[in-house]
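The points follow the structure shown here.

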Amino acid sequence: MKNYIEKYQEVTSQMEQLRVKIPETMNGFTALHKASVANGALLSKTKELISLGIAIAVHCDGCIAFHVHDALKAGATKEDILETIGVAICMGGGPALVYGGEAMQALEQFKASKE
């Protein structure tokens, strides 16, 4: 079983290392990310759920860890995340089903770490 809490920490650490090595690129990406997930016509929670659905569809473990974490932080519920997994499976078929299971594991791990 993958440890998504460790994966989140690993991705965060790698991003910090990249910030030192390629600061202009990382500053640009950070600005893009902040603007993309800021509340607007869609709430940040909704945008994080969309990001999670895409992470499942493109089969990215690091993205799943990051966006499950951030969706919960933005106020998403377990049910919100499970429905997002369902939509991603609908759109992505069998491979998304496998990564939907991974997202469910991440959800369970992050929820357990907060209890």
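1. Helix α1 (residues 4–21) packs against helix α4 (residues 61–73) at an angle of about 100 degrees, and their axes are 9 Å apart. α1 is therefore roughly perpendicular to α4, a class that covers 65 to 115 degrees. Axes are lines fitted to C-alpha atoms, for helices over the stretch in contact, with angles from 0 to 180 degrees between N-to-C directions. Helices are DSSP runs (H or I, at least four residues), numbered from the N terminus.

2. This is a predicted model, in which local features need pLDDT of at least 70 and side-chain atom pairs pLDDT 80 or more, while totals for chains, interfaces and linings use all residues. Residues are numbered from 1 along each chain as its sequence is written, and side-chain values use heavy atoms, with hydrogens and water left out.

3. On the α1 side, the contact with α4 involves Tyr 4, Lys 7, Tyr 8, Val 11, Thr 12 and Met 15; α4 contributes residues including Asp 61, Ile 64, Phe 66 and His 69. Contact means heavy atoms within 4.5 Å. Seven residues of this contact are nonpolar, three polar and three charged. In this scheme Ala, Val, Leu, Ile, Met, Phe, Trp, Tyr, Cys and Pro count as nonpolar, Asp, Glu, Lys and Arg as charged, and the others, Gly among them, as polar.

4. α1 also packs against helix α2 (residues 23–37), at an angle of about 125 degrees and with axes 6 Å apart. Met 15, Leu 18, Arg 19, Val 20 and Lys 21 of α1 meet Pro 23, Met 26, Asn 27 and Thr 30 of α2. Here the division is five nonpolar, two polar and two charged.

5. The largest nonpolar core has 22 residues, of which Leu 52, Ile 56, Ile 64, Val 68, Ile 81 and Phe 110 touch the most other members. Such a core is a set of buried Ala, Val, Leu, Ile, Met, Phe, Trp, Tyr and Cys residues joined through side-chain atoms within 4.5 Å. Its largest share, eight residues, comes from α5.

6. Glu 102 lies in helix α5. At 16% relative accessibility Glu 102 counts as buried (under 20% relative accessible area, 1.4 Å probe, protein chains only). Not counting residues up to four places away in sequence, Glu 102 touches Lys 2, Tyr 4, Asp 61 and Ile 64. Its side chain makes a polar contact with that of Tyr 4 at 2.5 Å (a pair of N or O atoms within 3.5 Å, one able to donate a hydrogen and the other to accept it).

Terms used. Helices (H or I, at least four residues) and strands (E, at least two) are DSSP runs, numbered from the N terminus. Angles under 35 degrees count as roughly parallel, over 145 as roughly antiparallel, 65 to 115 as roughly perpendicular and the rest as oblique. Buried means under 20% relative accessible area, exposed over 50%, partly exposed in between (1.4 Å probe, protein chains only).
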